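Please read the following points alongside the coordinates.

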Amino acid sequence: MATVHLRIGDLVWGKLGRYPPWPGKIVSPPKDLKKPRGKKCHFVKFFGTEDHAWIKVEQLKPYHPHKEEMIKINKGKRFQQAVDAVEDYLKKAKGKEQNSDGKGESKGKKAPNKPLKILDEDDEDLSALKDSSEKDLTDSDPEPSTIERLGAGPGSGFNWESSPPKDDPHFHHFLLSQSERPASSMEPISKRLKIIEEDTGSTSIQAADSTAINGSITPTDKRIGFLGLGLMGSGIVSNLLKMGHVVTVWNRTAEKCDLFIQEGARLGRTPAEVASMCDITFSCVSDPKAARDLVLGPSGVLQGIRPGKCYVEMSTVDPETITELSQVITSRGGRFLEAPVSGSQQLSNDGMLVILAAGDRTVYEDCSSCFQAMGKTSFFLGEAGNAARMMLILNMVQGSFMATIAEGLTLAQATGQSQQTFLDILCQGQMASTFVDQKCQNILQGNFKPDYYLKHIQKDLRLAISMGDMANHPTPMAAAANEVYKRAKALDQSDNDISAVYRAYIH
């Protein structure tokens, strides 16, 4: 096949490792980014995302000749958004060319392709570089910040190389973080925050979506430790590694660490060893007892804490547990932050969790790149304990809502109504959501594979009810839902998804 010569400004399909071909544009790389040695490659800006990468020429194909083929092999929503962004870009480029012709330039004479300047997010003229179509996509549906989240499926219409990037010495995936720019060039997260004043006078701080603001993630140069590789922790660690963080892992069942070691993580033999080796240690375990044992037990985190070491508790626990852990960590000179996450296994895998943080504000800022890697949004809620309170309230509402949906489905069946029709009507009304649709479809299909364990939502309901008791505030809806989940647990549904609460109504 004849060699295709590509140049700056050309639209292409770029094949990144084992991931599907994606539309992009060849642009000029930043001055401080060295070109990989070896085979010839081009620097590509991908549409529908703020990612860039060095791509070898044999992994690039011209956009127009292969457009139909690529569309046939990749049907993902994000892929279609990226293709739409290309088409919008072409329309605008055509409009500009016509306008230019109308101003007296010779018709039929094309202007030469000019190198495209790559700007930092702080540059004042950044908006002129970005396509408005890409901005619209970001505003309405935040895109992931790495190619590894772009789409699913093999999607390889050509006989292209498909070795993973880490095995390819000629491949250099560019995140702004991986240029030779010093880490200090990243704007502190505190300057990227939107402050919301509440009626109570307290201040909550919302970090704007990391993808929309940062485009790419600069991994911290601090050594990261992670304890607990369950449904949530596994996805979190995977995304930390993908974003270039140096991570040391530990899990009670050591075999779960193997996959992450293969992906580049280091292995810690005990929680104490991880805490002593790392600058920031995260933990994500099942309940208050597990969280306490991890810190206070034999070879626990506390034994590895030294002045300046940071500990971040991501487990959903009660405020009293957070207060206790904060006190013991800081008593050793450590710095403490709580950062429970709202989401599911799928959202964890996709790096789209919502992070609620409270405690040491400087630790929150030090965790900036980590939070951007694992979540779409983070909130700083003030003193330690506030994040635990807010998370329990959120999970109380979610758990009660899921129990009500299950009750509606079973009542529809008991009264001779179609459950599918009930769901169809529900998903056309004001209560429509991805959560409702997915959970109900799983129920109708008898699929209760855990995305969030039923036993954990029951634990959160119990803790929320207890918190209400301490505040002398009634929680009758949560109390009723809690009884239904307890019934489901008695039916051996603990390790199924929260949607398995449905079975409490049919037995």
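1. Helices (H or I, at least four residues) and strands (E, at least two) are DSSP runs numbered from the N terminus. The model is predicted, with local features requiring pLDDT of at least 70 and side-chain atom pairs pLDDT 80 or more, whereas totals for chains, interfaces and linings use all residues. Residues are numbered from 1 along each chain as its sequence is written, and side-chain values use heavy atoms, without hydrogens and water.

2. Strand 11 (residues 280-283) runs parallel to strand 12 and is joined to it by 4 bridges; pairing requires at least two DSSP bridges. I280 has C310 as its bridge partner. The chain passes from strand 11 through helix 9 (residues 288-296) to strand 12 in a right-handed β-α-β crossover (clockwise from the first strand over the helix to the second, with the strands pointing away from the viewer).

3. Strand 12 also pairs with strand 13 (residues 335-338), in the parallel sense and over 4 bridges. Here C310 stands opposite R335. Together with helix 10 (residues 319-331), strands 12 and 13 make a right-handed β-α-β unit.

4. Elsewhere, an open sheet of 5 strands has the order 4-3-2-1-5 with antiparallel pairing. Its edge strands, strand 4 (52-56) and strand 5 (60-62), each pair on one side only. Strand 2 (residues 22-26) and strand 3 (residues 41-46) pair over 3 bridges, and I26 has V44 of strand 3 as its bridge partner.
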